[in-house]
Amino acid sequence: MSDLVAAAESMKKTERFTRANWVAELASRAGLLIAILAVIAYGSIANPAFFSTGNFVNVLTSMSIVGIVVVGMTFVLVVGGLADLSVPATIACGAILSLGLQPMIGPVPAFVVAIALAGVIGMLNGALVGYAGVNPIIATLGVGTVGLGIVQAAVGGVIVYGTNPASAELVKGRILGIPTVVIIFAVIALIGHFILSRSYWGRWTTATGGNYSAAQASAVPVRAVKAGAFVITGIAAGISGGLLGLTLQSARPLVGTGYEFSAITAVVVGGVSIMGGFGSVPRAIAGLIFVQLLTNVMVLEGVRTPVQGFVLGILIAGAVGMDAALRKRGGG
Amino acid sequence: MTGNKFILAMAAAATLASAGWANAKTVCYVNAADSHAYATPANEALQARAKELGLEILSLSQDFDVQKGTEQLNTCVARGVDGIILWPLDPQAYIPGLARAQQANIPAIIINSPVSDDAKPFLKSFTGPDVYEEGEMAADALNEAMGGEGSVVVIAGQAGNGTTLGRVGGFMDRLKETGSKIEVLDTVNADFDQQKALVMSRDLITRFGDKIQGVYANDDTMARGFIDAWKEAKPSEKMPPIVGINGQKDAFESIRVGDMYATIVQSPAEDGKLAAETIAKILDGEEVDDRLPIPLTVVTSENVDSVEPAF
Amino acid sequence: MRYLALALQYRVGIILGLTLLISALVVPGFLGLTTLNLGLDRASTIGIIAIGLTVLLIAGQIDLSVGSVFALSGVVSIILQPQLGILPAAVVGILAGMLAGAVNGLLVVGLKVNSLVLTLATMLIFRSIAHWITDSQPVSGIDIMFSLKVSQTYLEIFSIRSALFLAAIVLLHVWLTRTIPGRNVFAVGSNAVAAKESGIASGRIIFLSFMFAGGMAGVAGVLQSLVTNTGSPVFGSELTVMVIAAVVVGGTRLEGGRGSALGTLGGVLTIGALTVAMEFQSVPAYIQQVVSGCILILLVVLDRTVHIRPGTGREPARAVQPITQGGGSA
Amino acid sequence: MTEAHCALDMRGITKTFPGVKALSNVNFKVKFGTVHAVVGENGAGKSTLMKVLNGTYAPTSGTIHIADKEVRMRRPADAQALGIRMVHQEINLVPDLSVAENVFLGRMPGRMGYLHRSEMIARTTAILEELGAVVKPRERLGDLSISQQQLVEIAKAYAANPRIIVLDEPTSSLSDHETAALFRILRKMRDDGIAIIYISHRVKEVLQIADEVTVLRDGAMIETRPISGITSAEMIRLMVGRDVSNVFPKTPATVGEPVLKVENISDGVHFRDVSFEVRAGEILGLTGLVGAGRTEVAQTIFGLSKLVEGKVSLNGRTLSIATPADAVRAGIAYVPEDRKGDGIIPEMTIRENISLPILRKLSRIGRISGSADRALAGKYVKQFAISPPDGERRINLLSGGNQQKAVIAKWLAAKPSVLILDEPTRGVDVGAKAEIHNIIGRLVGEGMAVLMISSELPEVMGVCDRVVVMRDGRASAPLSREELSEEKIMTLATDEEAA
């Protein structure tokens, strides 16, 4: 969100060539903030239960797990990698391993191994997309299908239960009144934001997505950078899956279903361009916050599940339409 | 008549297809999924029992996809198997397939979930637990726990899914039937997913707060989601009575510590076994009842130590 | 190298042949009319949708919403049966599919947005509408005997569905290779700029391709609903991935400009044969997933890494690749 | 000559872009049944004029008459409807369709949508035969060589039965045999009454094929003359036509040891057997016609394309360069020709663009030092007077010249020992051009070795210490400053015998 405030400030400093440009810029940068505020305003009026610490903590807690995936997915979109559809497999892998390996090697090593293996799935995606040049949709779809199949074959139909209540308590507990998962999410988001906006790897990521051949000609190791985005997403999804397993204390192969779409939705609604080269973690998280608050309000208002899907669909379509319109006008 | 020709063709195809097969009778088993907490042990039990009975099982997995299942039913008919066991995921969609099976003189039974009455003529039997009945039992249990009045939330499975339809339908119908004063505040779809149930329960608790005097979850996984949400939101308050279905191990645990009021145990092993035995009987020419239930047990704190969890 | 190139060109045929060969060896009684009939019938739902998607992918676009359109059309065609009668309702169902496709096309062409994300959105929207109008309950048709008639087998090989699919494939083949609009679809997908400069209305072609894809998904959905006498909002949720896999296995390029009806036929039959063979052996669904996933990856990696023709220069004029670069590049 | 013979009459055409006057009051007349050559240096306004003619640009002022009727063209389709066909130098065809389908793209013969394939193929075969092209009509276009594709482009324009056909450097990728065939068909088209506008650098070819020639220079029409009244030397003089020494002040520098040395390199496709060396404190010019392989040489040295044969060494050390990152590490920098495509990351700021190649050096434990980053950008923004002087500006909002300065800054930041500049002043206005030349001069003054690719002869003449001329993938021996003359370079670049 600091990004948005900074954006508003830089708006004042930078003069624009035309009015249309100015409006486009404002809409692009502050639009989401306004939308979030609008949802909060509506929610507060419509339902007294909405504007309460308890509810906001709930929303934060609920979005933390998918939020970690969002951080990774931001890298994939920014680098021009379209989407990582293998997330459900990676999450399942993280959840099942982090619980299933507990009795053998203890909770912490199990968690680490789970994330490492998720990273390996990410590397496989990365190798296919970055080095072999396979279309990301097909590559991640294929890897995801195979990965999920293997996970299912490995555990059969068995629900994997946690055996270490202490680790569950740790994850479900609160530190200074803030749920631990929220803190973990915040830390990962900060790290992701740092990498994307402050580190050379992040700059490379943006450059590769912005203009692949120019980045290549500028000595950026474009293939590695592209692959890296998928590794980052793999690791993020692994962490997400691990935490999911620990909070639920149970894991099934299909535990990660739908997370890929939720993550893509948040990132796209956040205004990160599907074409790559533009976007930040705070933007994506603002998108996530918006979607989550909207869902929260809808559930509180008793809107039926199918209608919620409808609204979400309209939202994504609107977001990409706006992105396209702004791009045209912004002269990119 | 085309019908006759049709059957003839089918019979010819059947001989063709079964040529080279062992003499053992082959039964086609269209199951719900291969990798699922309830379905897997049920499948395994069915396979094991069938083997004992000398049946060859051709196991096809729908993977919770009705469309796939209807086509698999065609595969079974065309394969000219001796019998069909179907795990329906939809009350209607299989009827034409079952009708074709009948035309081909292949006896069919269904397990685990009911289908609409239109399908009755095409079925020899319905074995195993009835998701609709489970809904009814859940209504009774909740009615008892709440003294016949109060307001509840229903956490349902996937919208449109056969199990969801049965378990919600049975529950609602039973409440009406018994004249219970229990009022349903809202029904949400949490897709049999613990995390989704957790997230939605948080919102439900925020929305209704203490108005939630009881909870009915379509399975224990989602019940668990509600329990966790309640503990987060109101750690000091007493848990409202929660009724789940399936009889999972952790649900038993919750009942023991008082987090949950009841679950309904259905044994997947019994479920599978009964189906295998029933089809074996039919193939031996015996008459079977059109409804062969397996015992469903409502587990509360009273009997939790004497009943085995389902899985 | 020459043999490799040749092998690569006909890889779909080879994969299909291998699948059949291995199946015949492993599965007793696999080779026979029954299997053919079955394989065709099993493949036809995927196949009919794949026909629409083949055209769309050649034009350089993608539609993730076909699974939802499939459900929506089916629901519409069943729910209207009491008012309109079976056949008119079926027609309306197909029209609903075309309308859904038109919405996709209009948004992609009009807003110039990336079709991947846009159809991700409409996938949610169309599915929601299907849930909405049915109240999430499956609806059943008025005449079950009609369903039986629709799903009958003729000449021991064809069901109406599979005959329709094969006929459509032949038509598609003719259309794609022998007609001017068909060739123009390739031109738009391969180099939209060059096509436009030569006076081809690429926007209209893309729009119509979307409409066609929606219509075909509608046809498949309506047929499914007629065969099962049921319209359910949950139908087809797993279809899209299978269809895209079948089309891509058939050698159609996800970035546009390349693809063929016969390739799609090969891809669809491969997946159909694979499914039937593995089901005959009671191979668990998850292993089936692993196998088909591996085949998919193998084929696309081969496609990317081995260049069929050595020694020729690079491709002329950077082709516009809407899927990877966004739809609005015209 | 009656007016009815006048196919095209462009009167008083002026075209201004923000800040640049690309064409000023150009009068240009072409008769039916003639081949009319348009010659001029790069940037003389030829391509702008042709874009006005084919409806891509609307002229700022002036009128266009086709066959004596005034016309207005808003888009290329309008021009096509009027019977104007362009053959671009860059191939713009559909790689996945067959040759015949490309020839008839947008106009395939058929009835009710059904394609008359045999007719299309027969007609294509006939056209290709007339052109003397060894191309099969059924072949997939993407499988053809570039020169074959070029022929298909020409065949496509010809097949449309145009009234006016514009060919932009059509022979740049054709062999002698193919060129001869092309001329044959051009003559036939001329005899059929088509007006042919022939844009070329190759003076010899112009003399061979054209009936009339128009010389453009600096956006103005210099002269139109019948070909019989002009010699090659005269034509070159008219094209160059300015006092070279004043425009490009050459700062004297002390030339030192060889820094970059390439020996017999080839990439297997575009060039072969190229050798030269670049010495410290010197600017080596690499010139030649477009398509001669200059850019490919630079890209190969920089690791963007694969070196198949030969040796590249820097300061006596043989290099093995597989990627640009290797080249940067070794001390080679490359300012690419295609600024939009390869030079800038449009969505990024000036600062982010400048520091891209050396980000790792600016970083500690992965984190980019914000102050070092800003300082670097600030330094170059100031030093190069990039306008607006704000490193936080998105680079695609700058003018071409300022973008180019930023791209050069990007590479200087990497502190290379050799700087390769590929057309560093293309599409840049006069003021920025001078600034860029100053910068280059300063750099060699500080002892840097510079390899500069340029098509613009005055620039090459004015700035370079020695010049290597390329033609058809081969490099000439370097010419020293004393040997340099525009005529000599032109001859080397176009003449078969001299190379």
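Let's start with helix H10 of chain A, residues 200–210. Helices here are DSSP runs of H or I with at least four residues, strands are runs of E with at least two, and both are numbered from the N terminus. H10(A) is mostly covered, with eleven of its eleven residues buried. Buried means that 20 or more other C-beta atoms, placed from the backbone, lie within 10 Å of the residue's own; 12 or fewer is exposed, and in between is partly exposed. Among the buried ones are Trp201(A), Arg203(A), Trp204(A) and Gly210(A).

A word on the model. It is predicted: local features need pLDDT of at least 70, side-chain atom pairs count only at pLDDT 80 or more, and totals for chains, interfaces and linings use all residues. Residues are numbered from 1 along each chain as its sequence is written, while chains are lettered from A and ligands numbered from 1 in the order in which they are written.

Staying with chain A, where does it meet chain C? The contact brings 36 residues of chain A to 40 residues of chain C. Contact means C-beta atoms, placed from the backbone, within 7 Å. On the chain A side, helices H7 (136–155), H13 (259–269) and H15 (305–330) give two or more residues each. H15(A) gives the largest share, 13 residues. By class, this side has 26 nonpolar, nine polar and one charged residues. Nonpolar covers Ala, Val, Leu, Ile, Met, Phe, Trp, Tyr, Cys and Pro; charged covers Asp, Glu, Lys and Arg; the others, Gly among them, are polar.

Next, chain B against chain C. Each chain puts in 39 residues. In chain B, helix H1 (2–18), strand E2 (55–61), helix H3 (66–79) and helix H4 (95–103) each supply at least two. The largest share, eight residues, comes from H3(B). The chain B side counts 18 nonpolar, 14 polar and seven charged residues.

What covers them? After H4(B) comes Asn105(B), with a positive phi near 60 degrees.

Now inside chain C. Axes are lines fitted to C-alpha atoms, for helices over the stretch in contact, and angles run from 0 to 180 degrees between N-to-C directions.

Last stop, chain D. It has an open sheet of six strands, ordered E6-E9-E10-E3-E11-E12, with mixed pairing. Strands pair if DSSP finds at least two bridges between them. E6 (84–87) and E12 (220–226) stand at the edges with a single partner strand each, so one side of each has no neighbour in the sheet. Strand E3 (residues 35–39) and strand E10 (residues 195–199) of chain D run parallel, joined by four bridges. Ala37(D) has Tyr198(D) as its bridge partner in E10(D). Helix H6 (residues 176–191) of chain D packs on the sheet, touching E3, E9 (164–168) and E10. The direction of H6(D) makes about 145 degrees with that of E10(D).

Terms used: Two residues are in contact if their C-beta atoms, placed from the backbone, lie within 7 Å.
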